[in-house]
Amino acid sequence: MASPARSTPRTVIVFMRQPVLGRVKTRLAREVGSLAAWQFYRRASARLLRRLRGDPSWQTVIAWATAPEPRALFRPGDLLQGSGDIGTRMERCLSGAPPGPVVLIGSDIPAVRAHHIRRAFECLGKAPLVFGPAADGGFWLIGARSPAHLPRPLFAPSVRWSGPHTLADTLAGLRGPVALADTLADVDRAADLPPPISLTGFPGR
């Protein structure tokens, strides 16, 4: 099957928390301190958004964990994740996306670039769902060819979140073809920080 036409509207959803000291990257903070974890998240998420919003191939929207302050940060088209576990919130946001191919990613993936996102959209020409495996056994990206035709439920109750079995559990609960995009690393612990990197300065574009 051919990849979705370039004229088809595409959407990238970024799962994001407002970068408030003490409320982001709590697992990382236990190792490096709340200030360093906050600095990492604030800078890494800002650079990710600059990269994504700089590409005209898709619309980038943020799915906020809670309504941001100031409210001006909430742009037209942005979403609220709502309540529930991570699977419930991802399914809700994917279902609420505009018609056309959509991918959802986290905001703590320093290595992601526009070509990784393009590759994921290309995968949706081969399968109705795509996952970007994470190095720790989870996934950094999930995408759907059509938000209106997501499997229900998308995630089985047996999925073990935030662990080495997350992607395997998710795939085991799905029927039908699934494509896999590039493998990248998200950052949950100090050991996940890619070299060369410090907690106060990060590689550029």
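Tutor: A charge is taken to sit over a ring if NZ of Lys or CZ of Arg is within 6 Å of the ring centre and within 35 degrees of the ring normal. The model discussed here is predicted: local features need pLDDT of at least 70, side-chain atom pairs count only at pLDDT 80 or more, and totals for chains, interfaces and linings use all residues. Residues are numbered from 1 along each chain as its sequence is written, and side-chain values use heavy atoms, with hydrogens and water left out.

Student: What does R42 lie over?

Tutor: R42 lies over the face of W38, at 4.6 Å from the ring centre. A second case is R71, whose charged end sits over the ring of F74, 5.2 Å from its centre.

Student: Why is Y41 called buried?

Tutor: Buried means under 20% relative accessible area, whereas exposed means over 50% and partly exposed lies in between (1.4 Å probe, protein chains only). Y41 has a relative accessible area of 5%, so Y41 is buried.

Student: Which residues does Y41 touch?

Tutor: Contact means heavy atoms within 4.5 Å. Not counting residues up to four places away in sequence, Y41 touches F15, M16, R17, P19, V24, K25 and S107. The C-alpha atoms of Y41 and V20 are separated by 9.5 Å, although these residues stand 21 apart along the chain.

Student: Where does Y41 lie?

Tutor: Y41 belongs to helix α2, residues 34–53. Helices (H or I, at least four residues) and strands (E, at least two) are DSSP runs, numbered from the N terminus. The buried residues of α2 include A36, F40, Y41, A44 and L48, and the buried residues of this helix pack against β1 (11–16), α1 (26–32), β2 (59–64), β4 (102–105) and α4 (114–123).

Student: How does the reach of α2 stand against what is expected?

Tutor: The expected span is 1.5 Å times one less than the number of residues. With 20 residues, α2 reaches 28 Å from its first C-alpha to its last, close to the expected 28 Å.

Student: What makes strand β5 largely enclosed?

Tutor: Five of the five residues of β5 (residues 129–133) are buried, so the strand is largely enclosed by the rest of the structure. Both faces are covered, with L129, F131 and P133 buried on one side and V130 and G132 on the other.

Student: How do you know that β5 and strand β6 pair?

Tutor: Two strands pair if DSSP finds at least two bridges between them. β5 and β6 (residues 139–144) have five bridges in the antiparallel sense, and V130 has G143 as its bridge partner in β6. The two strands form a hairpin with five residues between them, and G137 in the turn has a positive phi of about 100°. With strand β7 (residues 178–180), β5 pairs in the parallel sense over three bridges; there L129 stands opposite V178.

Student: How many aromatic pairs does a search of the whole structure find?

Tutor: The search finds five. The rings of F131 and F139 have their centres 5.1 Å apart and their planes at 80°, so this pair is edge-to-face. Rings of Phe, Tyr and Trp (its six-membered ring) pair if their centres lie within 6.5 Å; planes under 30 degrees apart count as stacked, over 60 as edge-to-face and the rest as tilted.

Student: Why is the pair of F139 and F155 called stacked?

Tutor: Their ring centres lie 6.2 Å apart and their planes are at 5°, so the pair is stacked. F139 lies in β6 and F155 in the loop between β6 and α5 (166–172), so the pair ties together parts that are 16 residues apart in sequence.

Student: Which residues form one aromatic cluster?

Tutor: The cluster consists of F131, F139, F155 and W161.
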